[in-house]
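Work through the exercises below with the sequence and the model side by side. Each task is followed by its solution.

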Amino acid sequence: MTSTISLHNLVKKFGNTGKEVTAVDDLNLEVEEGTITGLLGPNGAGKTTTIQMILDLITPTSGTIKIFGLDMKHHREEILNKVNFSSPYVSLPSNLKVWENLYTFARLYGVADIKDKVNELADFFAIRDLLPRMTATLSTGQLTRVNLTKALLNDPKLLLLDEPTSSLDPDIADRTRKLLLKINKERGITMLYTSHNMEEIEELCDRVIFINKGKLRDQGTSSELISKYGRKDLNEVFLAIARDEI
Amino acid sequence: MKFYRIKALIIRQLYLYPRSFPRLMDVFFWPVLELLVWGFLSVYLEKLNLNSVNIASILLGALIFWELLNRSQNAVTIAFLEDVWEKNLLNIFVTPVKLVEFVTSTVFLGLVRIITQGVILGFIAWLLYQFNVFQFGLYTIPFIISLLLFGWILGIFVVAIILRYGTTAQVLAFGIIFLVQPFSAVFYPVSALPTVLQYVAYILPSTYVFEGMRTIIATGTLPLMPMVISFALNVVYLVLVMWFFYAMFRVVKKKGLLLKLDQ
(Lines give C-alpha, C1' and ligand atoms only; values in the text may rest on other atoms or scores of the structure.)
Protein backbone atom coordinates (compact mmCIF):
# COMPACT_ATOMS: atom_id res chain seq x y z
CA MET A 1 0.00 0.00 0.00
CA THR A 2 1.16 3.54 -0.72
CA SER A 3 1.20 6.27 1.88
CA THR A 4 -1.17 9.21 1.53
CA ILE A 5 0.51 11.07 4.40
CA SER A 6 4.18 10.73 5.32
CA LEU A 7 5.61 12.71 8.19
CA HIS A 8 9.37 12.51 8.74
CA ASN A 9 11.13 13.90 11.80
CA LEU A 10 8.42 16.51 12.15
CA VAL A 11 9.08 19.07 14.86
CA LYS A 12 7.03 22.07 15.90
CA LYS A 13 8.17 24.43 18.61
CA PHE A 14 6.25 27.50 19.71
CA GLY A 15 7.57 30.48 21.60
CA ASN A 16 10.76 32.48 21.64
CA THR A 17 14.25 30.99 21.80
CA GLY A 18 14.98 29.86 25.32
CA LYS A 19 11.29 29.64 26.23
CA GLU A 20 10.23 27.23 23.54
CA VAL A 21 7.46 24.71 23.99
CA THR A 22 7.70 21.62 21.83
CA ALA A 23 4.24 20.72 20.55
CA VAL A 24 5.38 18.05 18.09
CA ASP A 25 8.62 16.26 18.78
CA ASP A 26 10.34 14.33 16.00
CA LEU A 27 7.15 12.72 14.75
CA ASN A 28 7.35 10.02 12.09
CA LEU A 29 4.21 8.44 10.76
CA GLU A 30 2.56 7.09 7.66
CA VAL A 31 -1.13 7.02 6.79
CA GLU A 32 -1.91 4.43 4.18
CA GLU A 33 -4.12 5.08 1.21
CA GLY A 34 -7.80 4.20 1.60
CA THR A 35 -7.61 3.63 5.35
CA ILE A 36 -9.24 5.38 8.28
CA THR A 37 -6.49 6.17 10.74
CA GLY A 38 -7.17 7.43 14.24
CA LEU A 39 -4.79 10.04 15.59
CA LEU A 40 -5.13 9.74 19.35
CA GLY A 41 -3.72 11.38 22.39
CA PRO A 42 -4.71 13.45 25.42
CA ASN A 43 -5.35 17.18 25.23
CA GLY A 44 -2.15 18.98 24.31
CA ALA A 45 -0.63 15.85 22.78
CA GLY A 46 -0.01 17.64 19.48
CA LYS A 47 -2.89 16.24 17.38
CA THR A 48 -4.34 19.56 16.28
CA THR A 49 -0.91 21.03 15.60
CA THR A 50 -0.06 17.99 13.47
CA ILE A 51 -3.28 18.32 11.49
CA GLN A 52 -2.71 22.06 11.02
CA MET A 53 0.78 21.38 9.71
CA ILE A 54 -0.59 18.79 7.29
CA LEU A 55 -3.04 21.44 6.07
CA ASP A 56 -0.26 24.04 5.73
CA LEU A 57 -1.86 26.30 8.33
CA ILE A 58 1.17 26.03 10.59
CA THR A 59 4.78 25.95 9.39
CA PRO A 60 6.84 23.11 10.91
CA THR A 61 10.04 24.04 12.73
CA SER A 62 11.76 21.16 10.96
CA GLY A 63 11.03 17.87 9.25
CA THR A 64 9.10 17.02 6.13
CA ILE A 65 5.46 16.49 5.27
CA LYS A 66 4.52 14.65 2.13
CA ILE A 67 0.95 14.28 0.96
CA PHE A 68 0.35 11.95 -2.00
CA GLY A 69 4.15 11.80 -2.21
CA LEU A 70 4.36 15.57 -2.83
CA ASP A 71 5.79 18.20 -0.52
CA MET A 72 3.50 21.04 0.49
CA LYS A 73 6.03 23.79 -0.12
CA HIS A 74 6.17 23.20 -3.86
CA HIS A 75 2.79 21.55 -4.52
CA ARG A 76 0.38 23.33 -2.17
CA GLU A 77 -2.33 24.01 -4.74
CA GLU A 78 -2.17 20.50 -6.20
CA ILE A 79 -2.34 18.90 -2.75
CA LEU A 80 -5.09 21.07 -1.26
CA ASN A 81 -7.26 20.49 -4.33
CA LYS A 82 -7.46 16.85 -3.23
CA VAL A 83 -7.68 17.38 0.52
CA ASN A 84 -10.51 18.55 2.73
CA PHE A 85 -11.13 19.12 6.39
CA SER A 86 -14.04 19.07 8.78
CA SER A 87 -14.24 20.04 12.40
CA PRO A 88 -17.10 21.13 14.62
CA TYR A 89 -14.74 23.79 15.99
CA VAL A 90 -14.39 25.46 12.61
CA SER A 91 -17.71 26.87 11.59
CA LEU A 92 -19.12 27.81 8.24
CA PRO A 93 -20.28 31.44 8.03
CA SER A 94 -23.55 31.54 9.94
CA ASN A 95 -24.77 34.59 8.02
CA LEU A 96 -24.99 32.70 4.75
CA LYS A 97 -27.61 30.22 3.65
CA VAL A 98 -26.48 26.61 3.52
CA TRP A 99 -26.52 26.52 -0.30
CA GLU A 100 -24.56 29.78 -0.45
CA ASN A 101 -21.85 28.30 1.75
CA LEU A 102 -21.71 25.11 -0.28
CA TYR A 103 -21.67 26.96 -3.60
CA THR A 104 -18.87 29.21 -2.33
CA PHE A 105 -16.64 26.30 -1.40
CA ALA A 106 -17.53 24.44 -4.61
CA ARG A 107 -16.42 27.51 -6.56
CA LEU A 108 -13.20 27.73 -4.54
CA TYR A 109 -12.39 24.15 -5.53
CA GLY A 110 -13.35 24.81 -9.14
CA VAL A 111 -16.14 22.19 -9.14
CA ALA A 112 -17.45 21.94 -12.69
CA ASP A 113 -21.17 21.37 -12.20
CA ILE A 114 -21.83 22.95 -8.84
CA LYS A 115 -25.60 22.48 -8.71
CA ASP A 116 -25.39 18.75 -9.51
CA LYS A 117 -22.54 18.23 -7.06
CA VAL A 118 -24.29 20.01 -4.20
CA ASN A 119 -27.57 18.18 -4.88
CA GLU A 120 -25.81 14.81 -5.08
CA LEU A 121 -24.09 15.34 -1.73
CA ALA A 122 -27.18 16.92 -0.19
CA ASP A 123 -29.07 13.72 -1.01
CA PHE A 124 -26.23 11.59 0.34
CA PHE A 125 -26.24 13.43 3.68
CA ALA A 126 -30.03 14.02 3.66
CA ILE A 127 -29.72 17.80 3.88
CA ARG A 128 -31.75 18.84 0.80
CA ASP A 129 -34.35 20.52 2.97
CA LEU A 130 -31.62 22.47 4.78
CA LEU A 131 -30.16 24.10 1.66
CA PRO A 132 -32.39 27.23 1.73
CA ARG A 133 -31.97 27.71 5.47
CA MET A 134 -29.62 30.16 7.15
CA THR A 135 -26.61 28.29 8.52
CA ALA A 136 -27.12 30.02 11.89
CA THR A 137 -30.44 28.22 12.36
CA LEU A 138 -29.06 24.68 12.06
CA SER A 139 -28.77 22.25 14.95
CA THR A 140 -25.35 20.77 15.81
CA GLY A 141 -26.22 17.51 14.07
CA GLN A 142 -27.37 19.32 10.96
CA LEU A 143 -24.23 21.46 10.97
CA THR A 144 -22.06 18.36 11.17
CA ARG A 145 -23.75 16.94 8.08
CA VAL A 146 -23.40 20.28 6.25
CA ASN A 147 -19.73 20.43 7.24
CA LEU A 148 -19.22 16.91 5.90
CA THR A 149 -21.03 17.87 2.70
CA LYS A 150 -18.65 20.81 2.33
CA ALA A 151 -15.74 18.46 3.00
CA LEU A 152 -16.70 16.22 0.06
CA LEU A 153 -17.38 18.92 -2.53
CA ASN A 154 -13.96 18.52 -4.15
CA ASP A 155 -14.05 14.69 -4.14
CA PRO A 156 -11.07 14.64 -1.78
CA LYS A 157 -8.60 11.80 -1.70
CA LEU A 158 -7.73 12.72 1.87
CA LEU A 159 -10.12 13.89 4.56
CA LEU A 160 -8.94 15.26 7.88
CA LEU A 161 -11.60 14.97 10.54
CA ASP A 162 -11.03 16.68 13.87
CA GLU A 163 -13.44 15.21 16.44
CA PRO A 164 -16.36 15.27 13.99
CA THR A 165 -18.80 13.69 16.45
CA SER A 166 -17.70 15.47 19.61
CA SER A 167 -20.82 17.54 20.11
CA LEU A 168 -23.39 15.11 18.76
CA ASP A 169 -25.94 13.03 20.66
CA PRO A 170 -25.38 9.23 20.47
CA ASP A 171 -27.98 8.78 17.74
CA ILE A 172 -26.60 11.45 15.39
CA ALA A 173 -23.03 10.41 16.24
CA ASP A 174 -23.85 6.84 15.24
CA ARG A 175 -25.43 7.99 11.98
CA THR A 176 -22.39 10.18 11.25
CA ARG A 177 -20.00 7.26 11.84
CA LYS A 178 -22.01 5.09 9.47
CA LEU A 179 -21.91 7.84 6.87
CA LEU A 180 -18.15 8.15 7.24
CA LEU A 181 -17.71 4.39 6.86
CA LYS A 182 -19.92 4.52 3.78
CA ILE A 183 -17.84 7.36 2.30
CA ASN A 184 -14.63 5.49 3.03
CA LYS A 185 -15.87 2.29 1.43
CA GLU A 186 -17.68 3.77 -1.57
CA ARG A 187 -15.21 6.51 -2.42
CA GLY A 188 -11.98 5.05 -1.06
CA ILE A 189 -11.16 8.27 0.75
CA THR A 190 -8.23 8.17 3.15
CA MET A 191 -9.21 9.63 6.51
CA LEU A 192 -7.17 10.90 9.41
CA TYR A 193 -9.52 11.02 12.36
CA THR A 194 -9.14 12.48 15.82
CA SER A 195 -11.51 11.68 18.65
CA HIS A 196 -11.55 11.15 22.39
CA ASN A 197 -14.22 8.48 22.04
CA MET A 198 -12.30 5.20 22.00
CA GLU A 199 -15.35 3.07 21.18
CA GLU A 200 -15.82 5.16 18.10
CA ILE A 201 -12.18 4.72 17.14
CA GLU A 202 -12.43 0.94 17.53
CA GLU A 203 -15.54 0.91 15.36
CA LEU A 204 -14.19 3.16 12.60
CA CYS A 205 -10.44 3.04 12.35
CA ASP A 206 -8.30 0.52 10.50
CA ARG A 207 -5.27 1.74 12.40
CA VAL A 208 -4.58 4.01 15.33
CA ILE A 209 -1.60 6.19 16.12
CA PHE A 210 -1.02 7.29 19.70
CA ILE A 211 0.89 10.47 20.37
CA ASN A 212 1.63 12.12 23.69
CA LYS A 213 3.67 15.22 24.46
CA GLY A 214 4.26 15.53 20.74
CA LYS A 215 5.94 12.14 20.43
CA LEU A 216 4.74 9.00 18.69
CA ARG A 217 3.96 6.49 21.44
CA ASP A 218 2.67 3.54 19.47
CA GLN A 219 0.65 2.51 16.45
CA GLY A 220 -1.19 -0.48 15.08
CA THR A 221 -4.72 -1.83 14.86
CA SER A 222 -6.91 -1.42 17.91
CA SER A 223 -6.84 -5.15 18.66
CA GLU A 224 -3.04 -5.29 18.26
CA LEU A 225 -2.56 -2.50 20.81
CA ILE A 226 -5.12 -3.89 23.26
CA SER A 227 -3.44 -7.26 23.11
CA LYS A 228 0.12 -5.84 23.21
CA TYR A 229 -0.55 -3.94 26.43
CA GLY A 230 -2.86 -6.56 27.94
CA ARG A 231 -5.73 -4.13 28.43
CA LYS A 232 -9.47 -4.65 28.28
CA ASP A 233 -10.14 -2.14 25.53
CA LEU A 234 -8.69 0.84 23.65
CA ASN A 235 -9.92 3.23 26.32
CA GLU A 236 -7.63 1.56 28.85
CA VAL A 237 -4.72 1.72 26.43
CA PHE A 238 -5.44 5.43 25.99
CA LEU A 239 -5.49 6.02 29.75
CA ALA A 240 -2.26 4.12 30.25
CA ILE A 241 -0.48 6.10 27.52
CA ALA A 242 -1.91 9.43 28.68
CA ARG A 243 -0.73 8.71 32.23
CA ASP A 244 2.68 7.47 31.09
CA GLU A 245 2.00 4.07 32.65
CA ILE A 246 3.25 2.23 29.57
CA MET B 1 -3.67 33.07 -9.64
CA LYS B 2 -7.07 31.56 -10.52
CA PHE B 3 -9.90 33.93 -11.33
CA TYR B 4 -12.61 31.41 -10.34
CA ARG B 5 -11.35 31.42 -6.76
CA ILE B 6 -11.29 35.22 -6.62
CA LYS B 7 -14.83 35.24 -8.06
CA ALA B 8 -15.94 32.72 -5.41
CA LEU B 9 -14.65 34.94 -2.61
CA ILE B 10 -16.32 38.04 -4.06
CA ILE B 11 -19.69 36.37 -4.66
CA ARG B 12 -19.65 35.02 -1.10
CA GLN B 13 -19.35 38.59 0.21
CA LEU B 14 -22.02 39.88 -2.15
CA TYR B 15 -24.49 37.30 -0.80
CA LEU B 16 -24.43 39.22 2.47
CA TYR B 17 -25.47 42.66 1.28
CA PRO B 18 -29.11 42.30 0.24
CA ARG B 19 -30.10 40.82 3.60
CA SER B 20 -28.00 42.92 5.92
CA PHE B 21 -29.24 46.37 6.85
CA PRO B 22 -26.02 47.37 8.69
CA ARG B 23 -23.94 46.49 5.62
CA LEU B 24 -26.21 48.51 3.37
CA MET B 25 -25.97 51.38 5.85
CA ASP B 26 -22.20 51.12 5.64
CA VAL B 27 -22.32 51.43 1.87
CA PHE B 28 -25.00 54.10 1.54
CA PHE B 29 -26.15 55.73 4.75
CA TRP B 30 -22.95 57.01 6.39
CA PRO B 31 -21.33 58.46 3.25
CA VAL B 32 -24.60 60.17 2.28
CA LEU B 33 -25.03 61.52 5.81
CA GLU B 34 -21.54 63.00 5.75
CA LEU B 35 -22.20 64.53 2.37
CA LEU B 36 -25.37 66.15 3.67
CA VAL B 37 -23.71 67.63 6.76
CA TRP B 38 -20.69 68.98 4.90
CA GLY B 39 -22.72 69.99 1.90
CA PHE B 40 -25.06 72.18 3.89
CA LEU B 41 -22.12 73.65 5.78
CA SER B 42 -20.52 74.52 2.44
CA VAL B 43 -23.71 76.18 1.25
CA TYR B 44 -23.85 78.18 4.47
CA LEU B 45 -20.19 79.29 4.19
CA GLU B 46 -20.71 80.29 0.60
CA LYS B 47 -23.69 82.42 1.57
CA LEU B 48 -21.42 84.24 4.03
CA ASN B 49 -19.40 85.20 0.97
CA LEU B 50 -16.12 85.06 2.90
CA ASN B 51 -14.00 85.43 -0.20
CA SER B 52 -14.05 84.75 -3.88
CA VAL B 53 -12.91 81.16 -3.64
CA ASN B 54 -15.58 78.58 -4.34
CA ILE B 55 -15.82 77.14 -0.83
CA ALA B 56 -18.59 74.72 -1.70
CA SER B 57 -16.52 73.16 -4.47
CA ILE B 58 -13.46 72.86 -2.28
CA LEU B 59 -15.29 71.29 0.64
CA LEU B 60 -17.51 69.01 -1.40
CA GLY B 61 -14.67 67.92 -3.65
CA ALA B 62 -12.51 67.24 -0.63
CA LEU B 63 -15.31 65.36 1.08
CA ILE B 64 -16.15 63.12 -1.87
CA PHE B 65 -12.51 62.28 -2.53
CA TRP B 66 -11.92 61.75 1.19
CA GLU B 67 -14.86 59.34 1.30
CA LEU B 68 -13.33 57.42 -1.62
CA LEU B 69 -10.08 57.00 0.30
CA ASN B 70 -11.83 56.20 3.56
CA ARG B 71 -14.23 53.68 2.00
CA SER B 72 -11.64 51.94 -0.13
CA GLN B 73 -9.52 51.25 2.98
CA ASN B 74 -12.60 50.28 4.93
CA ALA B 75 -13.90 47.89 2.26
CA VAL B 76 -10.68 45.85 2.19
CA THR B 77 -10.49 45.59 5.96
CA ILE B 78 -14.17 44.84 6.53
CA ALA B 79 -14.19 42.11 3.88
CA PHE B 80 -11.37 40.42 5.79
CA LEU B 81 -12.99 41.01 9.19
CA GLU B 82 -16.18 39.32 7.94
CA ASP B 83 -14.16 36.09 7.77
CA VAL B 84 -12.66 36.71 11.20
CA TRP B 85 -16.05 37.44 12.77
CA GLU B 86 -17.57 34.37 11.13
CA LYS B 87 -14.55 32.23 12.12
CA ASN B 88 -14.17 31.23 8.50
CA LEU B 89 -10.47 31.84 7.90
CA LEU B 90 -9.46 28.23 8.47
CA ASN B 91 -12.10 27.03 6.03
CA ILE B 92 -10.79 29.47 3.44
CA PHE B 93 -7.12 28.66 3.91
CA VAL B 94 -7.53 24.87 3.78
CA THR B 95 -8.74 25.35 0.21
CA PRO B 96 -6.15 25.94 -2.53
CA VAL B 97 -6.78 29.71 -2.29
CA LYS B 98 -3.57 31.68 -2.54
CA LEU B 99 -2.83 34.71 -0.44
CA VAL B 100 -2.72 36.94 -3.50
CA GLU B 101 -6.17 35.67 -4.57
CA PHE B 102 -7.56 36.39 -1.13
CA VAL B 103 -6.19 39.95 -1.18
CA THR B 104 -7.32 40.51 -4.78
CA SER B 105 -10.88 39.46 -3.92
CA THR B 106 -11.10 41.99 -1.08
CA VAL B 107 -9.68 44.71 -3.34
CA PHE B 108 -12.21 43.92 -6.11
CA LEU B 109 -15.03 43.93 -3.60
CA GLY B 110 -13.81 47.31 -2.42
CA LEU B 111 -13.88 48.53 -6.00
CA VAL B 112 -17.52 47.46 -6.43
CA ARG B 113 -18.46 49.27 -3.22
CA ILE B 114 -16.54 52.40 -4.17
CA ILE B 115 -18.09 52.62 -7.61
CA THR B 116 -21.56 52.25 -6.08
CA GLN B 117 -20.86 54.87 -3.42
CA GLY B 118 -19.13 57.22 -5.86
CA VAL B 119 -22.11 57.19 -8.22
CA ILE B 120 -24.57 57.84 -5.39
CA LEU B 121 -22.50 60.58 -3.73
CA GLY B 122 -21.79 62.23 -7.06
CA PHE B 123 -25.48 62.20 -7.94
CA ILE B 124 -26.60 63.61 -4.57
CA ALA B 125 -23.91 66.33 -4.65
CA TRP B 126 -25.08 67.34 -8.12
CA LEU B 127 -28.75 67.20 -7.15
CA LEU B 128 -28.52 69.16 -3.87
CA TYR B 129 -25.52 71.43 -4.36
CA GLN B 130 -25.07 71.56 -8.14
CA PHE B 131 -21.58 70.18 -7.55
CA ASN B 132 -20.21 68.37 -10.59
CA VAL B 133 -17.60 65.81 -9.60
CA PHE B 134 -16.44 65.75 -13.23
CA GLN B 135 -15.56 69.45 -13.12
CA PHE B 136 -11.99 68.24 -12.72
CA GLY B 137 -12.31 66.71 -16.17
CA LEU B 138 -9.87 63.93 -16.99
CA TYR B 139 -7.99 64.62 -13.76
CA THR B 140 -10.88 62.93 -11.94
CA ILE B 141 -9.62 59.54 -13.13
CA PRO B 142 -6.04 59.71 -11.78
CA PHE B 143 -7.41 61.31 -8.59
CA ILE B 144 -9.76 58.39 -8.02
CA ILE B 145 -7.21 55.72 -8.96
CA SER B 146 -4.57 57.20 -6.68
CA LEU B 147 -6.95 57.38 -3.73
CA LEU B 148 -8.26 53.85 -4.35
CA LEU B 149 -4.72 52.52 -4.45
CA PHE B 150 -3.75 54.28 -1.24
CA GLY B 151 -6.96 53.10 0.45
CA TRP B 152 -6.19 49.51 -0.54
CA ILE B 153 -2.61 49.87 0.71
CA LEU B 154 -3.87 51.07 4.10
CA GLY B 155 -6.51 48.31 4.12
CA ILE B 156 -3.98 45.56 3.40
CA PHE B 157 -1.68 47.00 6.09
CA VAL B 158 -4.49 46.81 8.66
CA VAL B 159 -5.40 43.25 7.61
CA ALA B 160 -1.76 42.21 8.11
CA ILE B 161 -1.75 43.77 11.58
CA ILE B 162 -5.02 42.05 12.56
CA LEU B 163 -3.71 38.73 11.26
CA ARG B 164 -0.61 39.09 13.37
CA TYR B 165 -2.02 40.66 16.55
CA GLY B 166 -5.57 39.33 16.50
CA THR B 167 -8.93 40.99 16.86
CA THR B 168 -7.70 43.39 19.53
CA ALA B 169 -6.14 45.29 16.63
CA GLN B 170 -9.44 45.57 14.75
CA VAL B 171 -9.95 49.09 16.06
CA LEU B 172 -7.39 50.05 13.40
CA ALA B 173 -9.90 49.02 10.75
CA PHE B 174 -11.93 52.10 11.61
CA GLY B 175 -9.20 54.33 13.00
CA ILE B 176 -6.14 54.19 10.76
CA ILE B 177 -7.63 56.48 8.16
CA PHE B 178 -7.98 59.24 10.73
CA LEU B 179 -4.25 59.03 11.39
CA VAL B 180 -3.74 59.88 7.74
CA GLN B 181 -6.39 62.59 7.47
CA PRO B 182 -4.65 65.52 9.23
CA PHE B 183 -1.51 65.08 7.10
CA SER B 184 -3.30 64.53 3.78
CA ALA B 185 -4.38 68.17 3.65
CA VAL B 186 -7.93 67.12 2.91
CA PHE B 187 -9.75 70.29 3.90
CA TYR B 188 -6.86 72.75 4.04
CA PRO B 189 -3.64 73.28 2.05
CA VAL B 190 -0.34 71.71 3.07
CA SER B 191 0.95 75.22 3.77
CA ALA B 192 -1.44 75.38 6.72
CA LEU B 193 0.57 72.64 8.45
CA PRO B 194 3.71 73.31 10.53
CA THR B 195 6.88 72.84 8.48
CA VAL B 196 7.78 69.47 10.05
CA LEU B 197 4.36 68.07 9.34
CA GLN B 198 4.55 69.27 5.75
CA TYR B 199 7.31 66.70 5.22
CA VAL B 200 4.94 64.03 6.54
CA ALA B 201 2.22 65.31 4.23
CA TYR B 202 4.41 64.99 1.17
CA ILE B 203 5.16 61.32 1.74
CA LEU B 204 1.44 60.52 1.52
CA PRO B 205 0.08 59.89 -2.00
CA SER B 206 -3.30 61.30 -0.94
CA THR B 207 -1.87 64.78 -0.23
CA TYR B 208 -1.10 65.33 -3.94
CA VAL B 209 -4.70 64.53 -4.86
CA PHE B 210 -6.25 67.00 -2.43
CA GLU B 211 -3.68 69.67 -3.27
CA GLY B 212 -4.25 68.98 -6.95
CA MET B 213 -7.99 69.29 -6.57
CA ARG B 214 -7.63 72.73 -4.98
CA THR B 215 -5.16 73.79 -7.66
CA ILE B 216 -7.65 72.90 -10.38
CA ILE B 217 -10.44 74.81 -8.65
CA ALA B 218 -8.17 77.84 -8.29
CA THR B 219 -6.33 77.81 -11.62
CA GLY B 220 -8.15 75.34 -13.86
CA THR B 221 -4.96 73.36 -14.53
CA LEU B 222 -2.93 70.72 -12.76
CA PRO B 223 0.85 70.31 -13.00
CA LEU B 224 1.75 66.76 -14.01
CA MET B 225 4.58 66.18 -11.53
CA PRO B 226 2.50 66.02 -8.32
CA MET B 227 0.32 63.26 -9.77
CA VAL B 228 3.40 61.37 -10.96
CA ILE B 229 4.81 61.59 -7.43
CA SER B 230 1.46 60.42 -6.01
CA PHE B 231 1.46 57.33 -8.23
CA ALA B 232 5.15 56.63 -7.62
CA LEU B 233 4.54 56.72 -3.86
CA ASN B 234 1.58 54.39 -4.28
CA VAL B 235 3.70 51.89 -6.20
CA VAL B 236 6.42 51.99 -3.54
CA TYR B 237 3.89 51.57 -0.71
CA LEU B 238 2.07 48.80 -2.57
CA VAL B 239 5.29 46.81 -2.91
CA LEU B 240 6.14 47.45 0.74
CA VAL B 241 2.69 46.56 2.04
CA MET B 242 2.55 43.30 0.06
CA TRP B 243 5.97 42.40 1.39
CA PHE B 244 4.75 43.25 4.91
CA PHE B 245 1.54 41.24 4.42
CA TYR B 246 3.41 38.13 3.27
CA ALA B 247 5.92 38.55 6.12
CA MET B 248 3.09 38.81 8.67
CA PHE B 249 1.38 35.74 7.18
CA ARG B 250 4.62 33.79 7.51
CA VAL B 251 4.79 34.80 11.18
CA VAL B 252 1.13 33.81 11.62
CA LYS B 253 1.83 30.35 10.18
CA LYS B 254 4.98 29.98 12.22
CA LYS B 255 3.20 30.87 15.46
CA GLY B 256 -0.03 29.01 14.62
CA LEU B 257 -2.09 32.19 15.02
CA LEU B 258 -4.63 31.44 12.31
CA LEU B 259 -6.35 28.92 14.55
CA LYS B 260 -6.39 31.38 17.45
CA LEU B 261 -7.91 34.06 15.25
CA ASP B 262 -10.73 31.63 14.47
CA GLN B 263 -11.51 30.80 18.11
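A residue is buried if 20 or more other C-beta atoms lie within 10 Å of its own, exposed if 12 or fewer, and partly exposed in between, with C-beta atoms placed from the backbone. Helices (H or I, at least four residues) and strands (E, at least two) are DSSP runs numbered from the N terminus. The model is predicted: local features need pLDDT of at least 70, side-chain atom pairs count only at pLDDT 80 or more, and totals for chains, interfaces and linings use all residues. Residues are numbered from 1 along each chain as its sequence is written, and chains are lettered from A and ligands numbered from 1 in the order in which they are written.

**Exercise 1.** Find the buried residues of α7(B) and what they pack against.

Step 1. Helix α7 of chain B spans residues 171-180, and B:A173, B:I177 and B:V180 are buried in it.

Step 2. These residues lie on the same side of α7(B), because they cover an arc of only 60° around the axis (taken from the directions from the helix axis to the C-beta atoms).

Step 3. The face turned away from that side carries the exposed B:V171, B:G175, B:F178 and B:L179.

Step 4. The buried residues pack against α3 (55-85), α6 (140-165) and α9 (205-219) of chain B.

**Exercise 2.** Describe the side of chain A that touches chain B.

Step 1. Contact (C-beta atoms, placed from the backbone, within 7 Å) links 25 residues of chain A with 25 residues of chain B.

Step 2. On chain A, the elements giving two or more residues are α1 (47-54), α2 (72-80) and α3 (98-108).

Step 3. α3(A) gives the most, with 5 residues.

Note on methods: Two residues are in contact if their C-beta atoms, placed from the backbone, lie within 7 Å.
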